[in-house]
Number of protein chains: 2
Amino acid sequence: MKKIIKLGLLGSGTVGTGVVRVLNENKEDIVQKIGADIEIKKILVRDVNKKREYLEGIELTDKPESILNDPDIDIVVEVMGGKQPALDYMLKAMESGKHVVTANKDVVAAHGKELFAMAEAHNTALMFEASVGGGIPIITPLKHCLTANKITEIMGILNGTTNYMLTKMTQDGCDYDSILKEAQAKGYAEANPAADVGGLDAARKAAILASIAFNTRVSLDDVSVEGITNIEPADIQYATQLGYSIKLLAIARDYGEKGINVRVHPVFLPKEHPLSNVNDVFNAIFIKGNAIGEAMFYGRGAGSLPTASAVMADIVEISRNLVNDTGNLVGCTCYKELKICPVEETEDCYYVRLRVNDESGVLGQIATAFGQCNISMKSVIQTRMVGNFAEIVAVTHITENKKIKAALNLLQALPVVDEISSVLRVENA
Amino acid sequence: MKKIIKLGLLGSGTVGTGVVRVLNENKEDIVQKIGADIEIKKILVRDVNKKREYLEGIELTDKPESILNDPDIDIVVEVMGGKQPALDYMLKAMESGKHVVTANKDVVAAHGKELFAMAEAHNTALMFEASVGGGIPIITPLKHCLTANKITEIMGILNGTTNYMLTKMTQDGCDYDSILKEAQAKGYAEANPAADVGGLDAARKAAILASIAFNTRVSLDDVSVEGITNIEPADIQYATQLGYSIKLLAIARDYGEKGINVRVHPVFLPKEHPLSNVNDVFNAIFIKGNAIGEAMFYGRGAGSLPTASAVMADIVEISRNLVNDTGNLVGCTCYKELKICPVEETEDCYYVRLRVNDESGVLGQIATAFGQCNISMKSVIQTRMVGNFAEIVAVTHITENKKIKAALNLLQALPVVDEISSVLRVENA
């Protein structure tokens, strides 16, 4: 029986210092729960001479081998972020029999298969609760608590930056550019916000969640991605008027014979939907399963301590196994090979905002174009004048994405149409 | 290594048939996840001759010993409900080395200590995810995912019946009696609704959650309980006007030196609070921890399939351990003995509705009475006439419960006060 669990941390940034703090503050209880002592033996840093808060008394090193080859270290905690060298370090750690906990969505979304193969080959644990939803428990609930369900759908608000921006655009009526600047000033958005606002960050997390929920490997390349950069105040206003919030959602759906589809895009979400009230930087994951019905997990999707909460939970789990000399019971859960349903075959309701010539018969021409593509309409309304043009908002009943694409081509070709300003999916129109 | 896991079910009611259905429908995946076959060998029923849906092909018995003494049965699944004979059956099952999964909040809340002692003595698992929040994963998240946190507060909507009633009273303006009848007609409330509307059902679940969150045994007797029977339409209306929802909450708080307090009562909850938007029969548990910050778990708190989802998750967990020949890693987590903070010493803001004589100076007398008890007021407003009386609504700043009780005594004794109509706590007044 192990008397003391020793950790090696790769990285001392936001998450790394959070892990040190959480372990320091709650150590007495954590030790009780593990049934053994636990300590951070070494931390990999860029500059060992830099003075750091919270890290006093811990050996700092700038040599990864000093951690990866230390036979004394049981668990390597990868909190450095980025694909490389994080991937190599994790692989090496497992190769030398160490268990790995990571908060790294980039690596898990892109190299999950490779990592799990290494974990299996060396009988080590690979845990990554913090890679999705920050502190929100979602990987363990999916792998354990909901394991008896056939999951049919996951909808998640997985990016705090964009949720903050959409919330402010809705509440304060700001436009995209000014709210982005505010979010950057508050530290909610990075100097280069592309991965957040473009949907890539959410897409990585969506790939990880879908892999677990559907028990099949979903990579980042399988996820179709659309960000919030094209959302205009007019769209927010129409959403509000119609009883919706606009949210950037990661959606993973089981389309049965057609396969599964995983995507990230903004959605008109009914105000009554539980995700619709998830505001500011909060994240939430809404799940449908054939036994549980609907469930939602809500909390802080980022931040030093919340993310460290998830990292430490994984560390405790592995430590319990070490103390009790039990192996890793749940490894890779991707035992199926489901096909990916192309986004063209997915079905949704759509909101289309158009700028058209202000002349009689336009509404009819618009409606006819949708009709020619066999799209049934919920409403086509001329809403207001924008300069010399009239604005039209159309909402469809449920239809295939490829039909919408065909309709947009028809509309674009109509002489009366000046611009297709916006196309967004609508949940439960 | 086990090749097949055999279950014995005690009970074939709502939850029992749910377990059979979920296992039947999702068996292929469940077998894959366990790594062994799994089957229900026997079910304890009252009348073996009664024809039952979903139970075909399974041996029915009316003799509990036939399950409890069957050496072939690995896991006993107690889904009969009620304290006895469920408690005896569970104890006997563990005594003969069987693992136990239960959905029984009554037994776990009242006899947790006894049950866990038996589990430890015979090295068996005792799992009870379904006893709180139906399908919502909450026991496992607390024991595992949030284990590195010091939990400071839990607030839960743990009873679907009362949440449905309060939702309808708010949305449709119905009074208590008519909505209770409607809830009974829809099957949301039982013929004898006392345990639901009186708060006892939620109190049992609160005791279980508090025990796990604070790592100390909390019994039903430790929970102070107040139901929704005194909520009048006027209270709902004032709550709405002031920007609150009224919710029946189970609250478990850490008051530090003073101990922990666990209670169930209706609360004015700000509309912006995540629990405030949990409507109808849905349940949710909101948790504060020193690392995670805030998190919420939402879903169906009752029902055949959601509850079976939780029961089956526990079964899968135990089965994985059986297949891998590993013991039960997390048993009783009550390794502390914290004292209970008396409700008199808890601190909250309060809403007090009074019927008073319609004469000058009354408002001053009311405010003075609060002041004499050192209670700072947020507002004291005369709102409307009720017959010949004036109605006054007072909202306090945060104050000790014993001060409120003293103030109510003073108010009651004032000649101008006809009736103290309502006293409710206000979250974040």
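This is a predicted model: local features need pLDDT of at least 70, side-chain atom pairs count only at pLDDT 80 or more; totals for chains, interfaces and linings use all residues.
Local features require pLDDT of at least 70 and side-chain atom pairs count only at pLDDT 80 or more, while totals for chains, interfaces and linings use all residues. Residues are numbered from 1 along each chain as its sequence is written, with chains lettered from A and ligands numbered from 1 in the order in which they are written.

Chain A is divided into domain 1 (4-132 + 304-323), domain 2 (139-300) and domain 3 (346-426). These bounds come from an automatic or database domain assignment. The centres of domain 2 and domain 3 of chain A, taken over C-alpha atoms, are separated by 25 Å. Their contact takes 11 residues from domain 2 of chain A and eight residues from domain 3 of chain A. Two residues are in contact if their C-beta atoms, placed from the backbone, lie within 7 Å. On the domain 2 side, α11 (233-242) and β10 (260-270) of chain A each supply at least two residues. Helices (H or I, at least four residues) and strands (E, at least two) are DSSP runs, numbered from the N terminus. The largest share of this side, five residues, comes from β10(A). By class, the side holds six nonpolar, three polar and two charged residues. Ala, Val, Leu, Ile, Met, Phe, Trp, Tyr, Cys and Pro count as nonpolar, Asp, Glu, Lys and Arg as charged, and the others, Gly among them, as polar.

In chain A, six strands form an open sheet. Their order is β3-β2-β1-β4-β5-β6, and the pairing is parallel. Two strands pair if DSSP finds at least two bridges between them. Strands β3 (59-61) and β6 (126-127) of chain A stand at the edges with a single partner strand each, so one side of each is left without a neighbour in the sheet. Strand β5 (residues 99-102) of chain A pairs with β6(A) over two bridges. One bridge joins A:Val100 to A:Leu126. Helix α1 (residues 14-25) of chain A packs on the sheet. This helix touches β1 (4-10), β2 (37-44) and β4 (75-78) of chain A. Its direction makes about 155° with that of β2(A); axes are lines fitted to C-alpha atoms, for helices over the stretch in contact, and angles run from 0 to 180 degrees between N-to-C directions.

Between the chains, the contact takes 48 residues from chain B and 48 residues from chain A. The largest share of the chain B side, nine residues, comes from α12(B). That side has 23 nonpolar, 16 polar and nine charged residues. Strand β12 (residues 293-300) of chain A pairs with β12(B) in the antiparallel sense over five bridges. There, A:Ala295 has B:Gly299 as its bridge partner.
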